[in-house]
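Dear colleague,

I am passing on the structure below, and I would be glad if you looked through it before reading my notes, which follow it.

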Amino acid sequence: MVNRVNAYQVAGSVAGMAVGQALAGPVTALVEPRAFMLGSALVTAGVVTALLSIKPVRRLGREPREPAGRSIPVSAGLPT
C-alpha cells in the first residue's frame, strides 16, 4: 500500500514539474518576472501553510534508527 502511494506521489511530482516548466515561459511573457516570482513564492507559502494546518502532517516524525544506521521496524497500526 505504501509503495503505491509513493508511486502516485512521484508520478504527480514529475507531472507537476513538466506542467510548471511548460507554463513558465508563456506566463513570463505575459507577466513581469518579478511579479511572477512573487506570485510563485506566495503560492508556495500558501501550500506549506495548508499542509501544516493538517494535524497528522504536523505530527509526522522520523523513523527510529539503530546505532548502525539500520531502520527499526515500527508498526504504523495499519493492517497489512
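**What was found**

The secondary structure of the chain in this predicted model consists of 3 helices and 0 strands, where helices (H or I, at least four residues) and strands (E, at least two) are DSSP runs numbered from the N terminus. Read from the N terminus on, the elements follow the order α-α-α.

Residues are numbered from 1 along each chain as its sequence is written, and side-chain values use heavy atoms, with hydrogens and water left out. Because the model is predicted, local features need pLDDT of at least 70 and side-chain atom pairs count only at pLDDT 80 or more, while totals for chains, interfaces and linings use all residues.

The mean pLDDT (the predictor's confidence in each residue, from 0 to 100) of the chain is 82, and 78% of its residues reach 70 or more. Where pLDDT is low, the predicted coordinates should not be read in detail.

Of the 80 residues of the chain, 0% count as buried, which means under 20% relative accessible area, whereas exposed is over 50% and partly exposed lies in between (1.4 Å probe, protein chains only).

Val43, Val47, Val48, Leu51, Leu52, Ile54, Val57 and Leu60 make a nonpolar surface patch of about 690 Å². Helix α2 (residues 33–52) gives the most to this patch, with 5 residues. Ile54, another of the patch residues, is partly exposed, with a relative accessible area of 39%.

Best wishes

Notes. Patch = residues over 30% accessible without salt bridge, like charges linked within 9 Å, V, L, I, M, F, W, Y side chains within 5 Å. Areas by Shrake-Rupley, 256 points an atom, 1.4 Å probe, with all protein chains shown as cover. Salt bridge = Lys/Arg side-chain N within 4 Å of Asp/Glu carboxyl O.
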